[in-house]
Amino acid sequence: MHGQKRIMVTGGTGFLGSFLCERLLREGNDVLCVDNYYTGSRDNVLHLLDDPRFEILRHDITFPLYVEVDEIYNLACPASPVHYQHDPVQTVKTNVHGAINMLGLAKRTKAKIFQASTSEVYGDPAVHPQPEEYRGSVNPIGPRACYDEGKRCAETLFFDYHRQYGVEIRVARIFNTYGPRMQTNDGRVVSNFIVQALQNEPITIFGNGTQTRSFCYVDDLIEGFIRLMATPAGVTGPINLGNPGEFQVRELAEMVIAMTGSKSSIVYKPLPIDDPTQRKPDISRAKQELGWQPTVSLSQGLEKTIAYFEWKLSGGAKSTTGVQSWRTAYTHLPNPAAGLAAQEAVSIRP
């Protein structure tokens, strides 16, 4: 178990943030979860509230925050097109003003700070797979630019604070990640397909279905976060974190239909503006510098995610598909720390 630290997670009630809070608590840290609940949910961390080392604060990081911390994980920002395009100006503010405020806090407290960047900084890539050296092909005035360019500007700020003020930074570029606690209406491809399949509704594919994505299970990604934050000060990133397994979107739809036993058909609609046609991370740097690579296969991860959504949509009723029960669907994690009950430590509550 690592030495106890006081660690802040912005966006801590979200999909990724809630899993990260759990992991940090299990390693014996004090965790301050900060969220404005724009896309996060208090339900995701309800099972952590009785832990005396866990604290939750409602706050929007576009405004300064004055706390004392040893480390900061900056995950705050809506990550699906449906949500980040709903209020694009606020998305830019969260990425830019939020980064400035969190970097200012890190500078004052001398805290190490982690930035959750994204594969979207590569845009619709002309290089495949995408290495960190690739500078991307992003439309700065398109409907996705509030997120894509917002994250690119945040990276700029992180490296400028590092060079100018000596702030210790870590930057991870996250590729498509999925798992329990995704929202049923978040508009991302895995959750969309599973929800539609479980309800026997037509599965909607935008484009012809040959565009590719790489899908990383949440447990693998969080392990990458922890390893990156634990690296020596000279390892700043950016480092790609994602699963290099590449699948066509149509393949994913067919896999979900088969695994759920759904009667859903597939329907095709026009591809949205600036939607990338290829996504596959080059994780050579993560392997070399972090000793990290994904271990959960797509079929294993889908089984657990389907179980969660089945439970979520049924309002907690018993599983009726062939997948594992939601109560046993979580993959292994480090042993829970004292004070966090074992049955809660393996929960995938919403």
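User: Happy to look at this predicted model with you. With which residue's side chain does the side chain of Thr62 make a polar contact?

Analyst: In this predicted model, the side chain of Thr62 makes its polar contact at 2.9 Å. That is inside the 3.5 Å cut-off for a pair of N or O atoms. The partner is the side chain of Asp60.

User: Thanks! Is Thr62 buried or exposed, and in which loop is its place?

Analyst: Thr62 has a relative accessibility of 14%, and buried means under 20%, so Thr62 counts as buried. Leaving out residues up to four places away in sequence, Thr62 touches Gln90, Lys93, Thr94, His97, Gly98 and Asn101. Its place is in the loop between strand E3 (54–58) and strand E4 (71–74).

User: Let's go to another loop residue, Pro276. How far is Pro276 from Tyr122 in space, C-alpha to C-alpha?

Analyst: Pro276 lies in the loop between strand E13 (266–269) and helix H8 (284–290), and at 1% relative accessibility Pro276 counts as buried. Setting aside neighbours within four places in sequence, its contacts are Glu120, Gly123, Asp124, Pro125, Arg144, Gln211 and Arg213. Pro276 and Tyr122 are 154 residues apart in sequence, while their C-alpha atoms are separated in space by 9.2 Å.

User: Now the aromatic rings. How are the rings of Tyr308 and Phe309 arranged?

Analyst: A pair of aromatic rings is described by the distance of the centres and the angle of the planes. The count of aromatic pairs here comes to nine. For Tyr308 and Phe309, the centres are 5.4 Å apart and the planes are at 75 degrees. Planes over 60 degrees apart count as edge-to-face, so this pair of Tyr308 and Phe309 is edge-to-face.

User: And what kind of pair do Tyr308 and Trp311 form?

Analyst: Tyr308 and Trp311 are three residues apart in helix H9 (residues 298–313), which means about one helical turn separates them. Tyr308 is buried at a relative accessible area of 2%, and Trp311 also counts as buried, at 13%. Their ring centres are 6.0 Å apart with planes at 45 degrees, so the pair is tilted.

User: How many of the residues of helix H6 are buried?

Analyst: Helix H6 (residues 218–229) has 12 residues and reaches 17 Å from its first C-alpha to its last, close to the 16 Å expected. The buried residues of H6 include Leu221, Ile222, Phe225, Ile226 and Met229. H6 is largely enclosed by the rest of the structure because the buried residues number 10 of the 12.

User: Last one: which residues have the most contacts inside the largest nonpolar core?

Analyst: The largest nonpolar core has 59 residues. Tyr73 is in contact with residues including Ile7, Val9, Leu20, Leu24, Phe114 and Phe225. Apart from this core lies another of 25 residues, among them Leu65, Val96, Ala106 and Leu157. Within the largest core, the residues with the most contacts are Tyr73 and Phe225.

Definitions and conventions
Residues are numbered from 1 along each chain as its sequence is written. This is a predicted model: local features need pLDDT of at least 70, side-chain atom pairs count only at pLDDT 80 or more; totals for chains, interfaces and linings use all residues. Side-chain values use heavy atoms; hydrogens and water are left out. Rings of Phe, Tyr and Trp (its six-membered ring) pair if their centres lie within 6.5 Å; planes under 30 degrees apart count as stacked, over 60 as edge-to-face and the rest as tilted. Helices (H or I, at least four residues) and strands (E, at least two) are DSSP runs, numbered from the N terminus. Buried means under 20% relative accessible area, exposed over 50%, partly exposed in between (1.4 Å probe, protein chains only). A polar contact is a pair of N or O atoms within 3.5 Å; within protein, one must be able to donate a hydrogen and the other to accept it, and residues adjacent in sequence count only if both atoms are side-chain atoms. Contact means heavy atoms within 4.5 Å. The expected span of a helix is 1.5 Å times one less than its number of residues. A nonpolar core is a set of buried Ala, Val, Leu, Ile, Met, Phe, Trp, Tyr and Cys residues joined through side-chain atoms within 4.5 Å.
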